[in-house]
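Take a look at the sequence and the structure below. This report starts with the core and then turns to some of its parts.

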Amino acid sequence: LVSLDLSFNHLRNLAPLGALLKGPDCRLIELSIGFQNLWQMPRTDITSVAEALKENKSIKVLGMPNNKLTDNDAALLTSALRENSALVSMDVRENRIGDEGITQLAKVARESKALRKLFVVKNPFGTDGSMALLETARENHNIIHVDVCCKDSINQKIRYNTALNRGGRQLLFEKPPLALWPLAFERCNNIDWEEDSSMNLGQQGGNISDPRVDVLYYFLQEGPPLFEGLICQS
């Protein structure tokens, strides 16, 4: 068994599931336990699952949407993620996690080497939570998706930075293939420098389609100190 979906089952006691996740023979890769509290039932206690995640090495995709999770639950998941090295995707959409909980999750995601996707949309957090997610997208180049629904400047920057990560921004912390430089400079020649094109990198440069070119263009446009070092290397 590698995939288990227990959504819409009114689960109130997750202790048996926690025991399964802790077991040495657990091979589950995907687990979904969302939508447990749609009919005003008592909130599902996720403590046993969170504790099990500290030991589990197989779960890569965890879905817990619409479970009335709070900041306290986010703290449990944060503690679990600090010790978990396998989880690639976590879905806590449509819960009751505020700025405090989102900030905690964003911080641990910033330090994670495994996590790639974080789904947090439709939680009641504001600017503080969004800023924490932005810092995560900027600093952890493994994060390729953070779902956001608002179109304010912070969330646009989150989308921009996760797009750069998908394009391979991590390459810029290595020595880029020299063959990419002509493509990067060709891209720059086609940019209207009078316009803010930072959110439309994939549409610039005609038929140039290598996503890594967008990453190099990002450094040409933003001009961080690291780019000077890369110029010297090449």
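The largest nonpolar core has 38 residues. Those with the most contacts inside it are L21, L62, L77, M90, V92, L105 and L133. Such a core is a set of buried Ala, Val, Leu, Ile, Met, Phe, Trp, Tyr and Cys residues joined through side-chain atoms within 4.5 Å. Buried means under 20% relative accessible area (1.4 Å probe, protein chains only).

Helix 4 gives the largest share, five residues. Helices (H or I, at least four residues) and strands (E, at least two) are DSSP runs, numbered from the N terminus.

This is a predicted model: local features need pLDDT of at least 70, side-chain atom pairs count only at pLDDT 80 or more, and totals for chains, interfaces and linings use all residues. Residues are numbered from 1 along each chain as its sequence is written, and side-chain values use heavy atoms, without hydrogens and water.

In helix 4, the buried residues are G101, I102, L105, A106, V108 and A109. They pack against helix 3 (71–83), strand 4 (89–91), strand 5 (117–119) and helix 5 (127–139).

V92 is in contact (heavy atoms within 4.5 Å) with residues including L77, L105 and F119, leaving aside neighbours within four places in sequence.

T162 is found in helix 6. T162 counts as buried because its relative accessibility is 3%.

Note on methods
Buried means under 20% relative accessible area, exposed over 50%, partly exposed in between (1.4 Å probe, protein chains only).
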